[in-house]
Amino acid sequence: MSHHSVFDTMDGAVYRVGVALHALEDPAKVIGGADKWILAPEDPWELTGYVHNVVFCCDAVPEEGGTVKLYWGKADSVMCTGTAHVQVYRGGKKG
């Protein structure tokens, strides 16, 4: 599951995107997550816009070959897409 987080700074809020893996049998149980944010405002169109310092995930579509197509918004004014390689977590082992 992708999620966004808001980090308050002296210059206002910064919105970033992270990922977490939940148990299928009990979605309330988080069994893993990325150590770092997968998206954070860096480009000019993420840093300035209708709302500055914003990236937010709109969708993540699994594809064949271990990739996922990501769709995200930037500064509430631009939509983007990208492809990421996914390493699956299986019971304590990556594989």
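Analyst: A salt bridge is a side-chain nitrogen of Lys or Arg within 4 Å of a carboxyl oxygen of Asp or Glu. Here K74 forms one with D43, the closest N and O atoms being 3.4 Å apart. K74 lies in strand β5 and D43 in the loop between β3 (30-33) and α1, so the pair ties together parts that are 31 residues apart in sequence. This is a predicted model, in which local features need pLDDT of at least 70, side-chain atom pairs count only at pLDDT 80 or more, and totals for chains, interfaces and linings use all residues. Residues are numbered from 1 along each chain as its sequence is written, and side-chain values use heavy atoms, with hydrogens and water left out.

User: How many salt bridges does a search of the whole structure find?

Analyst: The search finds 2. In the other entry, E46 pairs with K74, with the closest N and O atoms 3.3 Å apart. E46 lies in helix α1 and K74 in strand β5, so this pair ties together parts that are 28 residues apart in sequence.

User: Is K74 buried or exposed?

Analyst: Buried means under 20% relative accessible area, exposed over 50%, and partly exposed in between (1.4 Å probe, protein chains only). K74 has 4% relative accessibility and counts as buried. E46 is likewise buried, at 4%, whereas D43 is partly exposed, at 29%.

Notes: Helix = DSSP H or I, 4+ residues; strand = E, 2+ residues; numbered from the N terminus.
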